[in-house]
Amino acid sequence: MDGNIIELVDLTKRYGSFTAVNNLNLSVRKGEIFGLLGPNGAGKSTTILMLLGLTEPTSGSAWVCGIDPTTNPIAVKSRVGYLPEDVGFYYNRSGFENLMFTARLNQLSGKEAKLKVMQLLDRVGLSSSSEKSTGKYSRGMLQRLGLADVLVKNPEVIILDEPTLGLDPTGVREFLDLIVDLCREDGLTVLFSSHDLHHVQQVCDRVGLFISGKLIAEGDIQTLSKKLFAQSPFVIEVGFSMLDPGSSDQSALSTSSDRVMMVLRKIGGISAVNPKEDFYQIACAHDATHEIARAIIESGAGLNYLNKKEYGLNDIYYRYFEGGENHE
Ligand code: ADP
């Protein structure tokens, strides 16, 4: 497994003639936060269920902590904590009582259980609400309690299925911070499924993009972006104005605008100059920011705006969507 704590090889799940997960190959390294990102119905939950031994693959194999979940689901469950989309608690019982119940189920003695539960409630920031019944918890508090609940058994891996769904921005921030702390301080490996780009981008070391049961891309954001935007890795946005904006002579203005275009196109390595609403987007093979700025000023125009575009997960995700399954 070479440092990989999750290893999926040609993993496939079919329901009748429908393929929910299609030939999935994926590795997650120990101690990383890996994001499974994709729209609803992409196959994320089905993949998670196979990792937990809760549903059998049609073909291919899965290894979690070196164990095959299909043949040994109990051993996997003892090493993996799973937070489903909707966590169920006894809502007429307190957070403390709920966690005590889990701790006793995990064979901890009364004293050990109490100590562990108090530590975990503190860890997830719920000490002051520990006696309150969970029916009165907010969605954010319930998710943090859910996290404490999966940590009772000291798992090596935690799998979180859409954990930020329905949380308000503060709840999301608190939850994501907790995940990062757990991963960095306790060396936990986290598999985090979400359809929310922004949440995944905030915390994940690497992401896998899922569409229609297929993993269409995998890697850290920089690598994905380089691969995807390899043809024109630099995009510079510029806005400029002619020096006499008050002039009513439209033909003079457009002539001077054409002059700027001509100068820009002469810069080596520029592959496209695309007009946007009130600026131009220039694609170039190298970082031509300085040359572009100089060219505009020397042509006699005024430089109003200059921005080197950084690609985020958003751009990557939508570019893959546009390309569908044609991207390798
Ligand atoms: P995601 O978690 O990415 O939203 P799922 O893994 O839940 O996606 O579902 C992937 C696809 O498999 C969906 O089209 C879903 O309807 C289908 N699916 C999931 N479970 C079953 C099932 N038990 N029987 C038939 N189809 C299913």
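In which sense do strand E6 and strand E7 pair, and over how many bridges? Strand E6 (residues 157–161) and strand E7 (residues 189–194) pair in the parallel sense over 5 bridges. The model is a predicted one, in which local features need pLDDT of at least 70 and side-chain atom pairs count only at pLDDT 80 or more, while totals for chains, interfaces and linings use all residues. Residues are numbered from 1 along each chain as its sequence is written, and side-chain values use heavy atoms, with hydrogens and water left out.

View 1. Strands (E, at least two residues) and helices (H or I, at least four) are DSSP runs numbered from the N terminus. Within the pair of E6 and E7, Ile158 has Val190 in E7 as its bridge partner.

**View 2. The largest pocket.** About 450 Å³ of space lies in this pocket, and of the 21 residues that line it, the closest to its centre are Tyr82, Thr102, Asp149, Val150 and Lys153. A pocket is an open set of points on a 1 Å grid over the protein atoms alone, where a 1.4 Å probe fits, with protein on both sides within 12 Å along at least five of seven lines, and lining residues have an atom within 4 Å of a point. Strand E5 (80–83), helix H3 (95–105) and helix H5 (139–151) are the elements that give two or more residues to the lining.

**View 3. The second largest pocket.** This pocket holds about 290 Å³ of space, and among the residues that line it are Ile221, Phe229, Phe234 and Tyr311. Helix H8 (residues 221–228) gives the largest share of the lining, 4 residues.

**View 4. The two domains.** The domain assignment, which is automatic or from a database, gives domain 1 (4–220) and domain 2 (234–310). Their C-alpha centres lie 49 Å apart.

How values were computed
Grid points are joined across faces, edges and corners, and a volume is the space filled by probe spheres set on the points. Two strands pair if DSSP finds at least two bridges between them.
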